[in-house]
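Please walk me through this model in a viewer, stop by stop. Tell me what to select next and what is there.

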Amino acid sequence: MATGVSVLLSVWVGVCAAFNLDTAFPLVKSGGDGSLFGLSVALHQDLKTDGFLLLVGAPREKAEPNVPANRTGAVYSCPITAQQSECSRMKLIDPELDLSEDLIEDMWLGVSVASQGRPGGRVLACGHRFVKLYGVFKLRHMIGRCYLRGNDLKYNDTDNHWQNPDQPCSHLGDLSTQVMCNMGISASITQTEVIVGSPGSYEWQGNVHVNWMNPDNVFDTKSSSFPNTQHRNIYIGAPKDSKEDARGSVLLAVKQSDRLTTLQTLRGEQMGSYFGNAVATTDLNNDGWGDLLVGAPFYFQRQQEVGGAVYVYMNAGGRFDSVPSVVLRGAAGSAFGMAVTAAGDLDQDGFQDFAVGAPFHETGSVMIWSGSSEGISAEPSQVIWGSRVSPGFRTFGYSLSGGLDVDVNKYPDLLVGSLDDSVALLRTRPVVHLNKTIRVSPEVVDPNSCDFCIQVEVCFSFMFSTGEKSNRDNITIHFTVTADVTSIKSRLRFRDSGQSVFSGFLSMPKQRCVILSTGLQSPIRNKVEPLVFSLNASLYEKFPKKRNAVQDLKRLPVLSQTPRPIRTQIHIQKACGSDNRCHSNLQMTAQFTDENQNPFSTQKDSQVLYYNVSINRLFLEVNINNTASPGRPAEDAHNAVLNISIPPSLIYSGVRAKRDIQAVMECSVEDNVLLCELGNPLRGNQKVQVLIIFQPSEISLDTREIQSLLQLSTLSEQSNLVPVSVSMLVEYSLQTSLTLIHMPGPASFSGHVIGESAMKKTEDVGSLLLFTLQVHISGKPLGRLGNLQVEFDWPREVSNGKWLLYLTEIQVNGTSEARCAPPGNIINPLHLMLSKEKEKKRSLEEVQEVQEKKKRRSVEKGQEEKTLPVLHLQGQKKKSYTLDCLHGARCVTFVCRLVNMKSSATLTVRARLWNSTMMEDFSDARSVLVRGRATLKLQTNKPTINMEPRSTEMEVHIYPEPGEQQDSGAPLWIIVVSVLAGVLLLAVICTLLWKCGFFVRRRAWQAAALHQGRIMGKNEQGQRTDTDGFLIHDDQNRKFTKHWVTSWSDAH
């Protein structure tokens, strides 16, 4: 839209619609393909017949047959009928125009169309591309042209001063004037003014032209426009008002003589948003001042998926704030705000409404906003989609016009155009205010004597929002009555339906009330809660079968508000005094007990559970009584219910109940809440004990406290029922075990003493000792709450500091760490090579097998010794030693942490018996017992987790190797005699051998000759050697290496 129209439309009241616009029976009109039938629309009233027409511009329509052009555009008038093609073309272009001066080809006639309304009733239509040929060179000056016709859409000579107006743009002059003004791209007409916009004036500065007609003097006319401001490419009042930011503006101007003077400028907020493309005014809050609506269809926000905006400026006593009161935004890419129009009071609530078009929102849409005393809401009251009006729409909502009641039902209607060569007239349906009442008797019902004794009366009345109330207007009400609506299971049923819900129809005004009979269902468990009745109603719509005719929408009214139910209630008679109100006095105590109903111990006003996995069940004992106390009677507690929250660390298993009188108690679990019905009613002076059985299998190591919230409820009156919280601290006792599943068999020592520095491998130390410990934990693992650890008291040295049991390796299975490496250089401190342990990797079974063989061999040798003569009976007596951390051994204490252990872990301890120490210090030992200790302990910073330490002794029995440690206590003289006898015997044997010539080979010595200190054989005496030491034979004169050479020296 052009700027000038935007500026001066502050006095023009448009049209819009609200929630009662009908989409079931639209009147659709269609034009020629490609004619843009619907680019502009207007509602028009024929003042003579009081009939109504739809004025539709088709700027790309072909020329009339008698007009010398191919395509000129057109304006059509369409009657209010159901025939889509029933439209007539207005005669606007003079077929006898001077083609040497006027060029009407593609003039876009119908780009804008407007109706003056009462009392003038004239019609304005423009084509902004009309061209005047100027000068000898026939320069084309596109000045545009507008046509004015009478109320009957024809030219009237008696109305010459209106229908032959002076064209505001002259083709005479140069381009710096208004020879390219494009007048008529937007246009409006009032009772005294014709307003047109011309964006091409003054080299595309733009302008607005206002022709004022004096209604009392046909010769008194005035023309006003904006002056030339020397700013090109501005388009006054519309989307490109500034070359710097192009945010768009709306100019509020007044006429002063022949000029328009700007009083206020409202700026857009975003460049290129086309702020001012569409404007409208209407009094939204009914304060007597026209409020301003401005469209910006190309506004966008990527992040918020927004496309298009409408700015609402509320009139503050004749002036607008520069900041809009409300900004409405459309969907991304919808061009929301392309068309904006005020629509009058669509629902006749006393406040004006308006409509906004979003032609590119899916198939196009029109949104309705309702006015109110507070202005407007952020959300529309109705959204109309083009696809629901007609399947042919793709750009529904491109143009809008309203404010006229075309079907004479006292509700204004809305005409919607598009770029799809179609328009739709949406008519409004009457709005009805419906009043409804419901009465129920009697007020108190005796359940023992009621057979459909309850009477329900529902009545209705209505009035149109226009204030009319006519007995000739029949409407049908569809109503629904629901009995005992607040109960889950209804206690009532209607005689006619047999259910608690009754639905029916009532035609007004013939019938206004209906009476329904209702009865109680037995048995009645809930006598305290009132019997609530609900009534809801809606209008029954029976659409006509014929849709090819204009339907009378007065027969299809809508309700002024969304139907909301109304309620009323009655009571059931109870044995609770003359006032029929029961006052209970329920009281409750609770505590946790074991399976024998012995309460758990208390510390500092709180129970404590010393938990271990052997505890399978525990009870929550709840004692409830309904006994009187000072100032409080103890009447029946109807529907007494105990609500217990189940602790997350416990699993509900069951319930037991003990009470003074026998009754059935029902319990159910819903969302970790236990609901127990204690009685209906729980009589006065009655006591109940409830035992809630729980399984503690969900108690974990980090469970600090078990807490449950108990709540009593009753339908009787009692205001002091507050929740009771019962809690119990948890002391978690770990159930663990430490077992020595394998210990080394008897170990032995033998051989000779080896110094520490001479040892290279662990096997040089002595016999291998293998201990295997198993740790087991019952229940859940510790996880991040702590770790188990094994503490060793290891006999590493004897009391004099010599090595005893030398640790070589500790392997751990079942934890995240495969080896134990305590600090302090405990394991293999000499860094000996673990050759056998690493390379052979003997298993536990192999070690056991070797040790069993040694044991059997020791036993066999012991038996042989029993059969051999004992030579050392006179020796010293053997001793037995015991070495532990308190006596004879020095122990080292270290810890192996079982990190991330699950349920069990195994520790394999490899060590070596220090053989040299045994040989030196325990050579007189019959046996040596070496004893250490392993203790399982808990490492945690959680005070609620505890564990009793578990210990086991680690022992090894050591014996001297049989045959290697014979007693050396024989008498000395026997040893000396034995040595002398041996020496004498050796001398005798040597003498005999010498005498026999055993030590000398006579032939060799007799034939031998001494040569240069070397003995040579007889056969070699004829040989000689050269200077190099080679033997030379006389006969062959050849060199040989010496066959043997022996160093020899004479004694003399």
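Select strand β24 (residues 365-370) together with β25. The two pair in the antiparallel sense, over four bridges. The model is a predicted one. Within this pairing, find M367: opposite this residue, in β25, stands V383.

Now widen the selection to the sheet. It is open and has four strands, in the order β22-β23-β24-β25, with antiparallel pairing. Which strands stand at the edges? They are β22 (339-344) and β25 (382-385). Each has a single partner strand, so one side of each is left without a neighbour in the sheet. On average, neighbouring strands here are turned by 20° against each other, direction ignored.

Next, select β1, β28, β27 and β26. These strands form an open sheet of four, in the order β1-β28-β27-β26, and the pairing is antiparallel. At its edges are β1 (27-30) and β26 (399-402), each pairing on one side only. Neighbouring strands of this sheet are turned by 15° against each other on average, again ignoring direction. Zoom in on β1 and strand β28 (residues 422-426), an antiparallel pair with four bridges. Pick S30 there: its bridge partner in β28 is S422.

Turn to the aromatic rings. How many aromatic pairs are there? The count comes to 18. Start with F462 and F464. Their ring centres are 6.0 Å apart and their planes stand at 85°; over 60 degrees counts as edge-to-face, so this pair is edge-to-face. Are these two residues buried or exposed? F462 has 7% relative accessibility and F464 has 2%; buried means under 20%, so both count as buried.

Then select F771 and W794. With centres 5.9 Å apart and planes at 85°, this pair is edge-to-face too. The pair links distant parts of the chain, 23 residues apart: F771 is in strand β51 (residues 768-778) and W794 in strand β52 (residues 786-798). Both F771 and W794 are buried. For one more stop on the rings, select F460, F479, F494 and F502, which ring pairs link into a cluster.

Keep W794 in view and bring up the largest nonpolar core, which has 84 residues. Which of its residues touch the most other members? They are L642, L788, F792, W794 and L898. Colour strand β49 (residues 724-742): this strand gives the most to the core, with seven residues. The core draws at least three residues from each of domain 4 (587-731) and domain 5 (736-832 + 879-960).

Centre on L898 and show its contacts. Leaving aside neighbours within four places in sequence, L898 is in contact with V775, N787, L788, Q789, V790, V812, T815, A905, L907 and L936. Apart from this core lies another, of 37 residues, among them I438, F464, L506 and L539.

Last stop: G766. Where is it found? G766 is in the loop between β50 (747-749) and β51. Its relative accessibility is 14%, so G766 counts as buried. What does G766 contact, beyond its neighbours within four places in sequence? The contacts are R912, L913 and N915. Draw a distance between the C-alpha atoms of G766 and L913: they are separated by 5.0 Å, while the residues are 147 apart along the chain.

How values were computed
Residues are numbered from 1 along each chain as its sequence is written. This is a predicted model: local features need pLDDT of at least 70, side-chain atom pairs count only at pLDDT 80 or more; totals for chains, interfaces and linings use all residues. Side-chain values use heavy atoms; hydrogens and water are left out. Rings of Phe, Tyr and Trp (its six-membered ring) pair if their centres lie within 6.5 Å; planes under 30 degrees apart count as stacked, over 60 as edge-to-face and the rest as tilted. Buried means under 20% relative accessible area, exposed over 50%, partly exposed in between (1.4 Å probe, protein chains only). Contact means heavy atoms within 4.5 Å. Two strands pair if DSSP finds at least two bridges between them. Axes are lines fitted to C-alpha atoms, for helices over the stretch in contact, and angles run from 0 to 180 degrees between N-to-C directions. A nonpolar core is a set of buried Ala, Val, Leu, Ile, Met, Phe, Trp, Tyr and Cys residues joined through side-chain atoms within 4.5 Å. Domain bounds come from an automatic or database domain assignment.
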